[in-house]
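Here is a short briefing to read alongside the model. Take a look at the structure first, and then walk through the points below.

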Amino acid sequence: MIENIRLSFQGIWAHKMRSFLTMLGIIIGIAAIIAIVSTIKGTSEQIKENLVGTGTNVVKVELYQGDWNYTSGDSQGGNKLPVFNDSLKDEILDLDEVTAVASYRMGSLYNGIMYGDNLVNNTTFVGVDEDYFSVMGYSVKKGRLFTEHDRKNFNKFVILDTVAADVLFAGEKDYIGKTVVIKNDAYVVIGVVEQQDSFSPKVENLNDWYTYYYNDASGKYFVTDDIWPMLFGFDEPYNVVVKPRSTEDMTKAGRKTADILNDYIGANDKTGGDMSEEESMGASLKYRSEDLLEKAKALQEVSASTSKQLIWIASISLIVGGIGVMNIMLVSVTERTREIGLKKALGARKGVILAQFLTEAAVLTSLGGMIGVGAGIGLAYIISDVAKTPVAISGAAIVVSVVFSMVIGIVFGFIPSVKAANLNPIDALRYE
Amino acid sequence: MLLELKNIYKNYIQGNMDVPVLKNINLSIEEGEYVAIMGPSGSGKSTLMNIIGCIDKPTAGTYFLDGQEINTLKDRELSFVRNKQIGFVFQTFNLMPRQTALDNVGLPLQYAKVPKRERKRMCLEALDLVGLSDRVSFKPTQLSGGQKQRVAIARAMVNQPKILLADEPTGALDSKSGIQVMELFRELHERGTTIIMITHSDEIASHADRMVKIIDGELITGDGISDTESNISNEQPESEIMHTYDGINADSVGQEVRYE
């Protein structure tokens, strides 16, 4: 076998130009596949990275009613769900996967917020606890955050995110300390925050991208959760956001937190009137963790499936390359008829001749495959440079490519090798 | 009896015509004999040699080699016979051009699945036998004609076959190299190898113990060799080209001539 491989390399080296041209089809096919796979993988890793984030690895655990995010809003009455408290928070913090916890509640006001003559409708309010900003990765851009003093005194202060500030103050710069009107009540703007490492979509070819963002065009307004009842008139249920120990722990941290919360509110799927008072509180309500990893996976699948078609097209090049190999192997068999005849006269069995030519074809295409892998990696970086897409080289793809090109050699080398093996020794020896 | 040919016929098909090349050949050769097969171009002597060497099959007749009936053997068994029992020496050497003398000599051992180390030892021994110990790693292009033929003889002998078949072994050599090859054959013969050699030349044939003449596919043995020989050479002078492959009558077998 080793001798056959050595012979194959001798043969390939003896016909450098011909061998290279024969390999070209395989090289192009493999290069295209490697380039495509690397680009897909790069894109898909970027999706994951962007979704999961690097600085703001947090999992939101929000209350759902059926399939919908539960918000009572200002048009509905309140509910009797037990209030989030410090012991619950400690219980969640005790989880191995969790490093930080914050609670918040969210609601929207149709007759939102007014500054001067500028009325912004349908605004999203977030009632935050003392840990919310740090867990969510917000930093102060202007002004300050809420203090303990603000909370205790039920100060009517509001903090805006950058989007909200742009919308409400429309270009006005010096708005810290200004008074805005919410529900006919005056609130003072004490700060503007922005999220670090916020999700910035670099992948533009995915329509789905935005569906995975909380895309609120009018921004968010933050108040302390202590003054929430003043704003909404009743207690909105709490949502929780946890910071997992690592990205891999995200799913677990989210699920475990959701379990604790569901246990606490006595979540159940019961409907109808045949329930105790306790059961009816938790009926059809449930905390669910927002699984970013799964969402990332779904997005990756979208991107991968579009590119799979490209791989099929590239595979056609491999078939064409394989036919080229078959052609050259047939020529090679004809050229070496005398050699085959001699070997048979010296006692080489059919299998020996077959193995020799199959090895030669396989070595030829494997070599092509390896060169193709190199060319493909180069191509991937060129594409990434031109199209500004990320690259991730897949080791598995490289191994599969080389093995696959070897298989092509064996498949397309088979007919010529059988032809060689079946030559009649006397005819072969006489051939000139 | 080492080999025995009984009523061997060989026809080549040309178009829809059957062209007889060998007609009713009966030949027996004992172990240890040194036989020269002589005959003009197209007389069928190479065809006869190919049949003896198990690389061609007779149209009719039986062939026993070392007690085995060759006609009944399968392809795999024939390969085994060619590998173990027969050593070929060709007029044009037929060495692998890109492989060293050592690797060339090792080919039959490779097919016999001899372990690598053992193979090398046997090859060196065979090359030593033909006096080329100092040319072991030379490639055929770096060797003279005589040296090439000696490498070919080493290759033929490396598996210690019972029979050495030589088709015009000196045909492509100058007279000095030819004499060396003949000396080598004599040596091998003295060691007990059965040698069957095809030649045109009386002088070369005179090295053999026994001469067999073949004319128009028919075997002529015994006396009167020199008579027929002189007739033949008058009839059909040998040309350079015809030396290469002269198994078939060039006039009657157009299909085969194509290859010559």
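The contact between the chains draws 19 residues from chain A and 21 residues from chain B, where two residues touch if their C-beta atoms, placed from the backbone, lie within 7 Å. This is a predicted model, in which local features need pLDDT of at least 70, side-chain atom pairs count only at pLDDT 80 or more, and totals for chains, interfaces and linings use all residues. Residues are numbered from 1 along each chain as its sequence is written, while chains are lettered from A and ligands numbered from 1 in the order in which they are written.

**The side of chain A that touches chain B**
- Helix H1 (2-14), helix H11 (337-345), helix H12 (350-387) and helix H14 (425-430) of chain A each supply at least two residues; helices (H or I, at least four residues) and strands (E, at least two) are DSSP runs, numbered from the N terminus.

**Chain A overall**
- Chain A holds 14 helices and 13 strands.
- Of contacts in chain A between residues at least 6 apart in sequence, 84% join residues at least 24 apart.

**The sheet in chain B**
- In chain B, 6 strands make an open sheet of mixed pairing, ordered E6-E7-E8-E3-E9-E10; two strands pair if DSSP finds at least two bridges between them.
- Strand E6 (86-89) and strand E10 (218-220) of chain B are at the edges with a single partner strand each, so one side of each lacks a neighbour in the sheet.
- Strand E3 (residues 34-38) and strand E9 (residues 210-215) of chain B pair in the parallel sense over 4 bridges.
- Within E9(B), Val212(B) is the bridge partner of Ile37(B).
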